[in-house]
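Hi! Here are my notes on the model you asked me to look over. Have it open while you read.

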Amino acid sequence: MLAVSKITLNYEPGLCGVDAFPLVGWQIVSDRQNVYQQSWRLQCSTDTAFSQLHYDSGVVTDNASANITLPDIPLLPSTRYFLRVCISDNDGEQSRWSEAAEFVTGMLNAPWQADFISAETPENRHQSNGTLLRHTFRLADKAIAVAFVHVTALGLYHLYLNGQRVGNDELAPGWTSYKQHLLYQTWDVTAQLRQGKNAIGAEVGAGWFKGDMGFMRHRNFYGEQTALLCQLVVRYDDGTQQVIGSNDGWRTDASPIRFSELYDGEVYDARLVQDGWANTEFDDHGWRPASVVTFNRQALTAQGAGKVKAQETLLPQAIITTPQGDTVIDFGQNMSGWVAFCVNGQRGDRVVLRHFETLDAQGNVYLDNLRSAQQRIEYILSGDGEETYHPHFTFQGFRYVKVEQYPGRIEAENFKAIVLHSDMQQTGRFSCSHAGLNQLHHNILWGLKSNFVDVPTDCPQRDERLGWTGDAQIFCRTASYLMQTRNFFAKWLTDLKIDQTPEGGVPHVIPDILTGHCEADRFLSEGGTHSSSAWADAAVVIPWTLYLMYGDTRILETQYDSMKAWVDFMHAHADNHLWRYKLQFGDWVALDAAEGSYFGATPDALICTAWYAYSTGLFARAAAVLGRHDDAANYRALYQAIVQRFHSDFFTADGAMTARTQTAHILALYFNLVPDAWRQRTVDTLVELLAEQEGHLVTGFIGTPYFCHALSQNGRINEAWALLMKDDFPSWLYQINAGATTIWEHWDGIRPDGSMWSPDMNSFNHYAYGAVGEWLYRAVAGIDVDEAQPGFKHVIISPMPGGDVSFVDAGYQSVYGEIAVHWRRAGECIRLSVRIPANTTATLKLAAREIIVADGLVFTPHASHWCATTGSGAYQVEYLPADDKA
Ligand code: BGC
């Protein structure tokens with residue numbers, strides 16, 4: 001049996017709203033081993049029966065089943081296309097046609113027959129209330145074949161047709177560098193329309209566009225008025241088309257949302273609800289006309305997938321009364337989203353909720369670490385029977401909710417927490433015999449869910465929630481094991497490129513709202529708002545990581561100039577290959593920092609030069625991948641020169657590192673900046689530095705992600721495992737033992753004595769230290785990419801049993817299908833089961849003394865391991881682990 005099990009379009013199962021023909025990929029299943037695709041055939045049609053073929057590739061003899069760019073196929077705007085694929089394999093077997101995947105085109109080159117319209121004027125710039133816009137229109141009395149709406153806002157919007165919500169996006173159109181990059185969403189609304197009279201309406205809020213943002217609390221970053229842009233395209237059975245666009249004929253009024261801000265929450269007055277306001281019969285003569293707002297239409301880009309949606313529902317785990325007498329609902333999980341509730345009461349009664357992350361040492365409500373973010377919801381009842389509500393244009397980071405007001409008894413059944421994040425397919429799974437490690441994996445995953453809310457944020461709760469480049473870069477590889485992140489990061493990288501300084505400097509946060517708005521912050525106003533080492537390197541590391549994980553060269557193409565500009569920026573500001581620039585965050589929040597300081601002990605010049613080398617080296621490799629040979633050669637030479645300088649400045653003549661910190665040694669080892677002769681000494685010193693802390697790390701953002709790799713890649717697997725398994729302060733498992741459900745910003749967020757790090761900066765939902773997830777997948781489960789055949793076309797399976805863990809069961813959904821690894825100790829032996837997807841190959845690289853069961857694989861011995869290369873299928877191997885490694 002040979003079948004195409006799943007087609008992907010731009011890595012997604014389907015797309016609604018695209019600007020160009022998507023990249024195509026598919027997954028193959030077969031009941032045989034060593035299956036390779038021999039040929040493929042793809043058809044594209046505008047009907048599900050494939051009777052109106054738009055494109056037929058014919059049989060293409062080729063083994064590629066991912067990242068396929070089809071020749072220029074002309075597309076019509078606002079049109080649905082279906083794709084199907086069939087293949088043959090190396091055994092001559094022929095599959096049937098796959099199920100169809102579909103995509104819908106956006107506006108393409110069709111003109112917008114619509115204006116940005118607003119219910120506001122510039123005088124409303126300080127207001128944060130919602131507004132309503134509505135319009136009625138007539139459709140012809142003939143059968144409607146299909147209708148699509150293309151819509152976006154300056155601000156955030158919900159769209160309605162004939163009283164019904166359109167789509168299920170939240171916080172649309174998300175956060176981008178709007179002036180040059182504004183996403184619009186496309187929906188099929190055929191079922192919501194009827195012949196004759198129809199009504200369209202929108203509710204709009206301030207959001208990132210106009211609202212209050214950043215820890216220095218500015219507003220109006222992108223404009224003073226919210227606005228809506230909307231174009232409805234209706235196609236009739238007879239082939240004619242009608243377009244309805246937003247214009248100044250629309251009517252506007254105030255919404256029941258009296259206030260809505262991302263950090264502060266929402267005030268909703270249900271007494272102000274105008275029943276049927278988005279229906280045809282509604283009488284809007286008391287409403288005001290909308291005004292037209294000008295905005296750069298060149299910025300408009302279709303968003304086919306990856307939008308923020310309600311993803312999960314959590315129920316209250318407990319309702320507690322704190323020692324101070326507050327009523328608190330515990331949802332059992334730190335998260336991002338809302339509380340939805342039901343309530344009965346009198347007109348004018350209120351529900352008031354405060355959202356927060358943790359109780360203090362006494363078990364009381366702890367709001368201090370939210371800083372100025374109010375995270376407050378106020379709902380004013382209409383008094384009309386049972387009322388249900390969830391917020392609209394805000395989200396909160398919380399596990400706990402303090403109920404400040406609620407008419408009647410507070411019953412668990414009336415509350416639920418709705419988890420919001422960008423829509424991405426989960427690709428990673430990991431479980432093992434150790435409950436603490438399973439919880440760690442869970443917490444890393446929830447750090448991702450909580451912080452991938454349209455942009456990769458540092459944290460979801462306090463007055464920050466910004467796209468800090470360093471955090472995103474550090475976590476990117478882990479995130480890309482856990483979820484299909486390609487489109488999420490590609491969107492954000494577009495903004496990174498837009499927001500780079502003319503010289504190629506990379507802002508600390510993307511979208512950049514710090515530049516020009518940080519007079520109140522001494523560090524930033526003196527040190528600048530761009531180009532801190534390891535933060536700015538997001539420009540290079542993230543595209544490269546996406547290339548490795550998905551085999552996607554398109555992202556390298558689109559980001560190439562941005563990557564190059566960043567490396568050139570460092571070069572322009574380096575002094576004979578030693579790089580150090582203005583404000584550096586260094587080994588941020590490391591424990592070897594001076595008391596109360598955020599800056600770890602590793603010198604900036606060392607960190608900066610290490611990263612300069614690393615990014616330059618990666619860029620040279622990216623240039624080679626794209627066949628830009630001159631760049632590849634030039635930047636390789638530059639890379640070598642930087643490495644030389646690193647050797648001479650950061651090693652003494654007898655091979656000691658000049659900085660005796662864990663992070664200095666980790667960077668030198670993981671980035672391969674150690675002269676061969678001194679590698680052993682560097683590894684030994686790192687182990688000594690660990691022993692000096694009784695096996696604990698004291699590393700910050702820079703050293704932590706690579707700590708376990710630096711050890712395990714240098715023959716110190718036992719030390720790497722010991723570090724991971726530490727469970728007293730400071731360690732990953734210490735947080736777990738302290739009850740964490742997400743990853744903390746500080747190792748000492750809550751200290752063993754119950755005291756907390758200063759509320760100035762103490763998030764309990766920061767994903768950066770969750771970067772150890774990469775080690776769980778790449779080393780513990782041993783599912784690693786081969787740079788020569790990226791996207792897991794060839795996978796290296798090299799598990800690393802250790803740490804008294806008796807089994808690991810893990811999987812990664814690559815673009816070719818799931819790579820599964822299960823290992824289990826059986827007496828002296830390791831029993832390993834692996835599953836390799838069709839049309840890929842694997843090398844099993846086992847730290848083994850002896851292979852006991854080979855399952856038909858041919859293993860060859862190497863200095864420290866045994867290797868076998870194979871094609872797809874399931875294999876069960878048994879081996880005796882090498883003495884010192886397990
Ligand atoms: C953020 C960090 C960020 C850092 C940079 C903090 O406020 O929360 O995660 O990377 O600033 O210094």
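How many nonpolar, polar and charged residues are in the lining of the largest pocket? Keep that in mind, and we'll get to it in point 2.

1. Some ground rules. This is a predicted model, where local features need pLDDT of at least 70, side-chain atom pairs count only at pLDDT 80 or more, and totals for chains, interfaces and linings use all residues. Residues are numbered from 1 along each chain as its sequence is written, and side-chain values use heavy atoms, with hydrogens and water left out.

2. Back to the question: the lining has 16 nonpolar, 14 polar and seven charged residues. Here Ala, Val, Leu, Ile, Met, Phe, Trp, Tyr, Cys and Pro count as nonpolar, Asp, Glu, Lys and Arg as charged, and the others, Gly among them, as polar.

3. This largest pocket holds about 930 Å³ of space, and 37 residues line it. Nearest its centre are Asn-10, Asp-19, Thr-301, Ala-302 and Arg-486. (A pocket is an open set of points on a 1 Å grid over the protein atoms alone, where a 1.4 Å probe fits, with protein on both sides within 12 Å along at least five of seven lines; lining residues have an atom within 4 Å of a point.) The volume is the space filled by probe spheres set on the points, which are joined across faces, edges and corners.

4. Take a look at α4 (486-499): with seven residues, α4 gives the most to that lining. β2 (15-18), β23 (300-302) and α7 (553-573) each supply at least two. (Helices are DSSP runs of H or I with at least four residues, strands are E runs with at least two, and both are numbered from the N terminus.)

5. Now the second largest pocket, with about 770 Å³ of space. It has 29 lining residues, and Tyr-614, Leu-618, Arg-621, Tyr-670 and Arg-778 lie nearest its centre. The top contributor is α8, with six residues. By class, this lining has 14 nonpolar, six polar and nine charged residues.

6. Finally, the ligand. Among the residues around it are Asp-458, Glu-464, Trp-535 and His-766 (near means a heavy atom within 4 Å). The shell has six nonpolar, one polar and five charged residues. A polar side-chain atom of Glu-464 sits 2.6 Å from a ligand oxygen, while side-chain N or O atoms of Trp-535 and His-766 are each 2.9 Å from a ligand oxygen. (A polar contact is a pair of N or O atoms within 3.5 Å.)

Definitions and conventions: A polar contact is a pair of N or O atoms within 3.5 Å; within protein, one must be able to donate a hydrogen and the other to accept it, and residues adjacent in sequence count only if both atoms are side-chain atoms.
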